[in-house]
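Morning, everyone. Let me put the model on the screen, and then we'll take two topics.

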Amino acid sequence: MNFEHLIQINDPLNPLLDPLTREQVWQGLLLRVEKPQLFVAGLDNCTILSRDGDTIERELNYGVAKVRDRVTLTPSERVRYEIAATDAHVGGTLTMTIESPDELQLFLRFEYATTLPEPSGSDDRQTSEIVKSAYREADIDTVRLIRQFAHTGQLSGRLH
């Protein structure tokens, strides 16, 4: 199953939305890589297994379930998560890309490619829509947390 959506970070037509810089969004994405338990409900802890340049191997612990992934960074632009499929967990990729079509607008694009099959019947379609909705809500929450951390100054020069 593939799914993609866009969240607007900066909107020059909405004065109620505090603008963020590309660097603040990037620092927030790095924080999500380094400390995912701040962003992911049900995640007990994360162990960094290795680092090689812009590639990080991690193990995520959800109670007794363990998930391994590889995170590839394209500095100030993109974070790509590659999750290994297991008997208990769907594999696939999640790519988060910072986009700025002009100086005033900033977006975060989320692209999912999972090992879930594309829906064929009405039950499958309903399940697919539930999964997509959960992804969308988690991504909205990620942006909300990045805003919160930026507002409180917790992103300033923390990670590189």
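Is the crossing of α1 and α2 left-handed or right-handed? It is right-handed, meaning that the near helix is turned clockwise from the far one by less than a right angle. First, the ground rules. This is a predicted model, where local features need pLDDT of at least 70, side-chain atom pairs count only at pLDDT 80 or more, and totals for chains, interfaces and linings use all residues. Residues are numbered from 1 along each chain as its sequence is written, and side-chain values use heavy atoms, with hydrogens and water left out.

Back to the helices, which are DSSP runs of H or I, at least four residues. The axes of α1, residues 22–34, and α2 come within 9 Å and cross at roughly 115°. So α1 is roughly perpendicular to α2 (65 to 115 degrees). Who makes the contact (heavy atoms within 4.5 Å)? From α1, Q24, V25, G28, L29, L31 and R32; from α2, T142, I146, F149 and A150. That set divides into six nonpolar, three polar and one charged, with Gly counted as polar.

Now the largest pocket. It holds about 800 Å³ of space. A pocket here is an open set of points on a 1 Å grid where a 1.4 Å probe fits, with protein on both sides within 12 Å along at least five of seven lines. Lining residues have an atom within 4 Å of a point. There are 34 of them, and V40, Y62, H89, Y112 and Y135 lie nearest the centre. Helix α2 gives the largest share, seven residues. Overall, the lining has 21 nonpolar, seven polar and six charged residues.

Definitions and conventions:
Points joined across faces, edges and corners; volume = space filled by probe spheres on them. Helix = DSSP H or I, 4+ residues; strand = E, 2+ residues; numbered from the N terminus. Axes fitted to C-alpha atoms, helices over the stretch in contact; angles between N-to-C directions. Parallel < 35°, antiparallel > 145°, perpendicular 65-115°, else oblique. Contact = heavy atoms within 4.5 Å.
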